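Please consider the sequence and the structure shown below. The paragraphs after them lead through the packing of selected elements.

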Amino acid sequence: MLKNRDIVITGLQPWDIEIGSNCKNIALELSKNNRVLYVNAPMTRSSRIKEKNDPRIQKREKILKGEEKDIVEIKEKLWNLFPKTVLESINQLGINPLFDFLNKINNKRFAKQIKSATNRLGFKNIIHFTDSDMFRSFYLKELLKPDIYIYYTRDNLISMPYWKKQGIRVEAKHMKKADLVVANSTYLSNLAKKFNPNSHYVGQGCDVSQFDKKKVKNIPDDIKDIKKPIIGYIGALISLRLDIEIIYHIAKSKSDWSIVLVGPEDAKFKASKLHELDNVHFLGNKDGNELPSYLSAFDVALNPQILTELTIGNYPRKIDEYLAMGVPTVATKTEAMSIFKEHTYLAKNKEEYVELIQKALDENNSEKENSRSIFAQSHTWENNVKEIAKHIN
């Protein structure tokens with residue numbers, strides 16, 4: 001347990017982002033026993049121009065002018081900093097010395113704002129935790145001189161074009177100089193170990209409290225009359241992350257199974273041959289509160305992940321949601337999925353998907369359902385932060 005420390009968090013996502021964020025959940029958990037300053041990323045020169053009508057940019061403009069406070073108290077012992085500065089847009093620069101020169105200027109501007117805030121809050125002997133902020137926070141260990149500097153990796157960002165140009169070089173150097181690297185998947189922790197031997201898998205926090213079979217009262221109208229067994233997936237239907245061919249093969253191989261897909265489709269899914277099959281049902285996007293009701297109607301849940309540099313190391317939070325409901329789950333076998341191997345069926349190809357779904361249907365019982373649920377409920381934010389604290393200590 002970590003207690004009575006002053007912690008600064010920098011990362012890729014601001015506090016006022018609309019989507020969920022690992023880093024925000026970690027900050028909330030840390031603030032139960034420590035003082036935490038969560039630092040938003042500053043505006044960049046390009047975002048200031050291109051997104052000038054965005055309410056979040058407009059808010060930051062007011063803060064720059066001194067019309068609003070730059071430090072906002074979120075709750076007791078947790079503050080949010082809006083840095084009163086603008087950074088240069090440099091991610092796509094291909095000339096390394098020029099990138100490094102401008103990145104150091106950006107880091108100095110950023111550090112000045114953080115130092116001002118920690119002085120005003122009376123922070124001492126800080127722990128600095130950065131959530132994959134490989135560029136903006138690169139020099140902050142030297143500039144802020146924290147007691148401990150931690151780099152957190154939760155996605156293989158350097159596989160993405162936006163990060164690849166400078167990220168391959170810079171993230172490796174960033175991890176190397178960190179005092180500690182923590183990762184939410186075994187795959188990412190093993191990657192990090194190439195640059196820093198003090199790299200550790202710390203698990204992933206999830207809030208699965210709503211995914212409780214006992215709380216489900218009604219099955220939604222658009223799924224309750226679909227023929228059983230229902231083999232389902234819940235989440236955004238994005239072709240960069242999901243293998244359409246696997247889903248198609250399952251549906252074609254077993255016409256007596258109903259394949260139910262709950263979530264918004266990207267263009268490739270909308271144009272896919274899945275729409276030609278009578279036993280494939282697209283139910284569209286649903287409110288988060290409705291998802292447990294849909295999941296309770298599944299006989300088997302799927303995560304037909306496509307294997308790429310981006311996806312292979314991801315911790316799939318949806319697996320915890322599936323298991324919390326006790327639903328048998330078949331997923332693509334990856335290194336990151338190894339922690340689920342005792343409670344899921346892991347397929348190496350589309351043929352194995354069909355075999356393992358049948359096995360999951362045949363083997364399911366109340367004892368297995370209970371075991372899955374207990375396992376998923378152990379993946380809390382509290383346990384995640386305890387693991388991080390263990391390595392800090």
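Predicted model: local features only at pLDDT ≥ 70, side-chain atom pairs only at ≥ 80, totals over all residues.

Residues are numbered from 1 along each chain as its sequence is written, and side-chain values use heavy atoms, with hydrogens and water left out.

Helices and strands are DSSP runs numbered from the N terminus (helices: H or I, at least four residues; strands: E, at least two). The axes of helix α4 (residues 96-121) and α6 come within 12 Å and cross at roughly 70°; axes are lines fitted to C-alpha atoms, for helices over the stretch in contact, and angles run from 0 to 180 degrees between N-to-C directions. The two helices α4 and α6 are therefore roughly perpendicular to each other, a term for angles of 65 to 115 degrees. Contact means heavy atoms within 4.5 Å. In α4, Asn96, Phe99 and Asp100 meet Gln166, Arg169 and Val170 of α6.

Buried means under 20% relative accessible area, computed with a 1.4 Å probe on protein chains only. In α7 (residues 186-193), the buried residues are Thr186, Tyr187, Leu188, Ser189 and Ala192. How accessible is Ser189? Its relative accessibility is 3%, so Ser189 counts as buried. Not counting residues up to four places away in sequence, Ser189 touches Ala183, Ser199, His200 and Tyr201.

A nonpolar core is a set of buried Ala, Val, Leu, Ile, Met, Phe, Trp, Tyr and Cys residues joined through side-chain atoms within 4.5 Å. The largest has 57 residues, of which Ile223, Ile250, Ile259, Leu295, Phe298 and Val330 touch the most other members. Helix α9 (residues 244-253) gives the most to this core, with six residues. Apart from it lies another core, of 31 residues, among them Val39, Phe99, Leu144 and Val170.

Leaving aside residues up to four places away in sequence, Ile223 touches Ile230, Val260, Leu283, Tyr294, Ala297 and Phe298. Ser293 lies in helix α11 (residues 291-295) and is buried, with a relative accessible area of 17%. Beyond its neighbours within four places in sequence, Ser293 is in contact with Val216, Asn218, Ile219 and Pro220.

Terms used
Buried < 20%, exposed > 50% of the residue type's maximum accessible area, 1.4 Å probe, protein only. Parallel < 35°, antiparallel > 145°, perpendicular 65-115°, else oblique.
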